[in-house]
Amino acid sequence: MSAVPSVTHDAEAGSAHPPSLPARELAQQASQISRKVTAEVARVVVGAEDVTRQLLIALMAGGHVLLEGVPGVAKTTLSKVFARLLGCQFNRVQFTPDLLPSDVTGTSIYDRNKNDFVLRHGPIFTQILLADEINRAPAKTQAALLEAMQEYQVTVDGQTIPLPRPFLVMATQNPVEQEGVYRLPEAQLDRFLLRVEMGYPGFDHEVNLLKLHSKPTVDVQPLFDPDLILSLQSKLPHVYGNETLYPYIVQLAEESRKHPDVALGASPRAALNLLRCARARAVLEGRHYFTHEDVQAVAYGVLGHRLILRPEAEIEGTAVADVVRDVMAAVPVLERE
């Protein structure tokens, strides 16, 4: 496997384009928040620093997150702690094989006092929705989230109702190789900004986990509020990147569509999400500009769940991570003019 080309931050920083004030303010604010959030999460979940960072990228970029891992690695615990830190309305739905779409979106019921049907809102009418074990419900129920995740609205019995902002879906899922799970449809997967994999903790982290749970439970306090989150998200487009980054991102998407092991490559929405996540990663590291390195760092999280491999490639044991590395290695980093 050839090495992935990269550039240094200094090369990008030399651009003559003056940084905007909102971008500088965002970079300073976001880097401070990142440190605080990571420290707070570590008080409850051990060894989840990288996952927390990716959750923050999704929050800054205003997208949804799919957490994948075997049962028992604290996916749900981490999601609930992160939601608590956001200081927003929070609902949790346990997805099961008998869950109906109306159990998520709500339904109209007859009110005798009003002599009319009234809409009873489902748990989706919130700001942070935890869809726990989303792939244990069939596709019909999963489809109840499609409109909400893309258009931030829900249609029930012909009535379209906007959702409160910010709106973030954090879904957990078990690997598809396990019993009793359904494969998520491609349209559903494409709605998630990032897929984050959670594996087993290392030996030292697991020892620290036992020590942590030998003490009284820690109650984390909110570090955000809805207005702060919306303010941070509104400033993200001001984060600067030189002109070579846009064709570079598009070339990555196009290369994924031409890869011999890929049946369905990255969509234009995937290219947009690469841009948003690269900007978010940059400001969380305290920079008002993003680089090719930021794009490469978020490429697997953005592209990995969107690339559908050919059946013969899966039989041969080809991994999506290998395909993403091939794609990045095939696209040269364009030099700044």
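Strands are DSSP runs of type E with at least two residues, helices are runs of H or I with at least four, and both are numbered from the N terminus. Two strands count as paired if DSSP finds at least two bridges between them. Leu-129 stands opposite Val-169 in S8.

The open sheet has five strands in the order S2-S5-S8-S1-S9, with parallel pairing. Strand S2 (90-94) and strand S9 (192-197) are at the edges with a single partner strand each, so one side of each has no neighbour in the sheet. From one strand to the next, the twist averages 15°.

## Helices on the sheet

Helix H3 (residues 49-61) packs on the sheet and touches strand S1 (64-68), S8 and S9; contact means heavy atoms within 4.5 Å. The direction of H3 makes about 175° with that of S9. Angles run from 0 to 180 degrees between N-to-C directions, and axes are lines fitted to C-alpha atoms, for helices over the stretch in contact. Helix H4 (residues 75-86) lies across S1, S2, S5 and S8, running at about 170° to S8.

## Helix H2 against H4

The axes of helix H2 (residues 21-42) and H4 come within 10 Å and cross at roughly 135°. H2 and H4 are therefore oblique to each other. On the H2 side, Val-37, Glu-40 and Val-41 meet Leu-78, Val-81, Phe-82 and Leu-85 of H4. The residues of this contact divide into six nonpolar, no polar and one charged; Ala, Val, Leu, Ile, Met, Phe, Trp, Tyr, Cys and Pro count as nonpolar, Asp, Glu, Lys and Arg as charged, and the others, Gly among them, as polar.

## A hairpin

Strands S6 (residues 153-156) and S7 (residues 159-162) run antiparallel and are joined by four bridges. Gln-153 has Pro-162 in S7 as its bridge partner. The two strands form a hairpin with two residues between them, and Asp-157 in the turn has a positive phi of about 50°.

## Confidence and conventions

The protein chain averages a pLDDT of 84, and 92% of the residues score at least 70; pLDDT is the predictor's confidence in each residue, from 0 to 100. Over residues 1-16 pLDDT stays under 50. Where pLDDT is low, the predicted coordinates should not be read in detail.

Local features need pLDDT of at least 70, side-chain atom pairs count only at pLDDT 80 or more, and totals for chains, interfaces and linings use all residues. Residues are numbered from 1 along each chain as its sequence is written, and side-chain values use heavy atoms, with hydrogens and water left out.

How values were computed
Parallel < 35°, antiparallel > 145°, perpendicular 65-115°, else oblique.
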